Amino acid sequence: MVLDSGCRAPAPPAGITVLLEAPPDSLDDRFALTAHGQRLAQLISPGLLTFDDASRPVPQLAESFREVSPTVMEFVLRPGLTFHDGSALTAEDVKATFDALMDPKLGSPKRERYEPVDRVEVVDARTVRFHLKRPYAPLLAELSAAILPSERVGPGGIEAQGAHPVGAGPFRFESWPDEEHLTLVPFEGWHGGKPAVSRLTFRVVRDETTRVLELLKGRADLVVNNVSPAVLPALRQASHLRVVTKPGTGFTYLGLNLREGPLADVRVRQALCHLIDVRPLVEHKLHGLAEPASSMLPREHWAFTATPGCGYAPEEAARLLDAAGYPDPDGPGGKPRLSFTFKTSTDRFRRAVALVLKEQLAKGGVAVEVRALEFGTFFEDVRRGRFELFTLKWAAVMEPDLLRGAFHSANIPGPENHWGGFNRGALKDPALDRVLDAATQASREERRVLYAEAQRELDADLPVIPLWHEASVAVVSSRLADFEPSAHGLLLPLAKAREVTPEQGSTP
C-alpha cells in the first residue's frame, strides 16, 4: 500500500474523532451483537462490572460484589449514581433491567444467557441480589450487561433506547444522524469524574486506505484494531501519531460449515487444517503482532491448555483427503480434489489473508473462490449459515464459557435463535456438550480441568480452524493523551484520556 499524506490538513474542530470500519448494529446493549455496537453501548450504558486486561471482573456501576452462597450473588451500587437524564440509578433499575432481559416479550437475543437466574431481589436502594436456580460460574460475565432506567427496559422502551440511548456511562448520546456519524459528549455526573474530552465523534470509514490517510492528515485521532500491520510503519513515522500495542485476546479463525457436504467429514476439516501454515501469515501479514492459536482461549488465559493441534503437514492432508474419498483426479497442478466458496469482508487486510489461505489450500488440491462482501452482508450470511468457509474474529475472549456459546449444539443458529446462536458451523458433539455444561456449575479448579477436556475435544472435532490471537493496536494522535489500549479492544479507556490543544505550526 502506497500512502502519501500530502500537506497537513487544518486541525479538526474541538473534540476527538474515532474511526470505525463498520457502523454499530445497535446502541442498545440488549440487542447489540457486533463488537462496535457492544463497545459503543458500554460508553453510554455500562453494567455492574467490566473486565480488566487479565479478564478479571472489576466493579463498574457496582462498588463491590460478593458471593453470599453458591446460588446468591450480591452487588452494592456506588453511591449517588445517576442516569444521563438526571434520574437516580438504584437497585430498582438493576432489577427492572434484568427482569426485562429475561422476559421473552422483550425479544433480546441475549435472553438465554440469563436462564440460570431465578429472581432478582432488591435489598435496599443500593443493594441487589441475584438468586440462581443452580450454581452458575459464568454469571459475572453476564452481569456486565447495560443497566437502563426502569421506564425504558420493557418492550415499550425499545424504540426510545434505540433512537436516543440513556445510561449512566462516561459519555452521553448527542446525535446519530446517519450510520456514518455518531456523536457522544462527556457526562458530568459520571462516577469517575467528567471525562476530559469535549466531544467524541465516531465516523464510519470502510476503506482502510482512507482511514490511514485521515490519520496522517490529522482529520482523525484514534483507530483501535482497524488498520492492518503493514501500514503501521508509515503511521509510526508521522510525528503527530503514536502506535501503541498490547497483547490481545481477539481470536481469528477459519469457520467451517459442518451441516452437509465434504466439511461434514472431520477428515476433510483436518486436511484443510494440515494445509494451512499460520507462521508466514503471522510474520509477514501481521508483522509479528499476533500469536498462532491452538484454541479459542489465548495462551495467557487461566483456562487455556496446550493441545497437539494439526500442524502444517501437506502429506497428511493428502492421505486424509484420499481416505475421505477425494483423491487427486489428475496429479499435482491439475484439477482440484475439492472446491469451496470462501466468504470474507471487503476489509483490505482480511481479503489479503483470504487470498493467502486460498493459495495454501490450492497447493493441496483444494480450490477456493474468495467472495469479499460488505461487512453487514457478510456477517448476515455467517449468522444464517450461508457459507462454506469464512474468516472472522472474536473481538475479545474473556469468559471461557464462550466455548459453550460457540460450540454447544444448543447454540446452533436456527429460526428461533439465528441472532444469538454462535455455533454457526453447526457442530453436534454430545460429549462436548456435557463437558461444557458441567463447567458452568464447577469450581474454578474444576473448570480448568473441564475446559482442558473441552479444548482437546475441539482439537479433534475442528469445528473451526484456529489461526491466531491478534495484538490490540491503537493509533493515537497527539490531540489525545493518556490513552492506552485495552487488551480486549474496549473503548472505555477514552473515559480516562485527555484532549489536548494541537501544536500550531506552519503548513508544509
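The buried residues of helix 2 (buried meaning under 20% relative accessible area, with exposed over 50% and partly exposed in between, for a 1.4 Å probe and protein chains only) pack against strand 5, strand 6, strand 7 and helix 3 (139-142), where contact means heavy atoms within 4.5 Å. Helices (H or I, at least four residues) and strands (E, at least two) are DSSP runs numbered from the N terminus. This is a predicted model, in which local features need pLDDT of at least 70 and side-chain atom pairs count only at pLDDT 80 or more, while totals for chains, interfaces and linings use all residues. Residues are numbered from 1 along each chain as its sequence is written, and side-chain values use heavy atoms, with hydrogens and water left out.

Helix 2 is mostly covered, with eight of its 11 residues buried; these are Ala91, Asp93, Val94, Ala96, Thr97, Phe98, Ala100 and Leu101. Helix 2 (residues 91-101) lies across strand 5, strand 6 and strand 7 (127-132), and runs at about 170° to strand 6; axes here are lines fitted to C-alpha atoms, for helices over the stretch in contact, and angles run from 0 to 180 degrees between N-to-C directions.

The sheet itself is open and has four strands in the order 4-5-7-6, with antiparallel pairing, two strands being paired if DSSP finds at least two bridges between them. Its edges are strand 4 (62-69) and strand 6 (117-124), each of which pairs on one side only, and the twist from one strand to the next averages 20°. Strand 4 is joined to the antiparallel strand 5 (residues 72-77) by six bridges, and Arg66 has Glu74 in strand 5 as its bridge partner.

The contact involves residues including Leu432 and Val435 of helix 13 and Leu450 and Tyr451 of helix 14.

In another pair, helix 8 (residues 278-285) and helix 10 (residues 348-363) pack at about 145°, with their axes 11 Å apart. Here Pro280, Leu281 and Lys285 of helix 8 meet Phe349, Ala352, Val353, Val356, Leu357 and Gln360 of helix 10.
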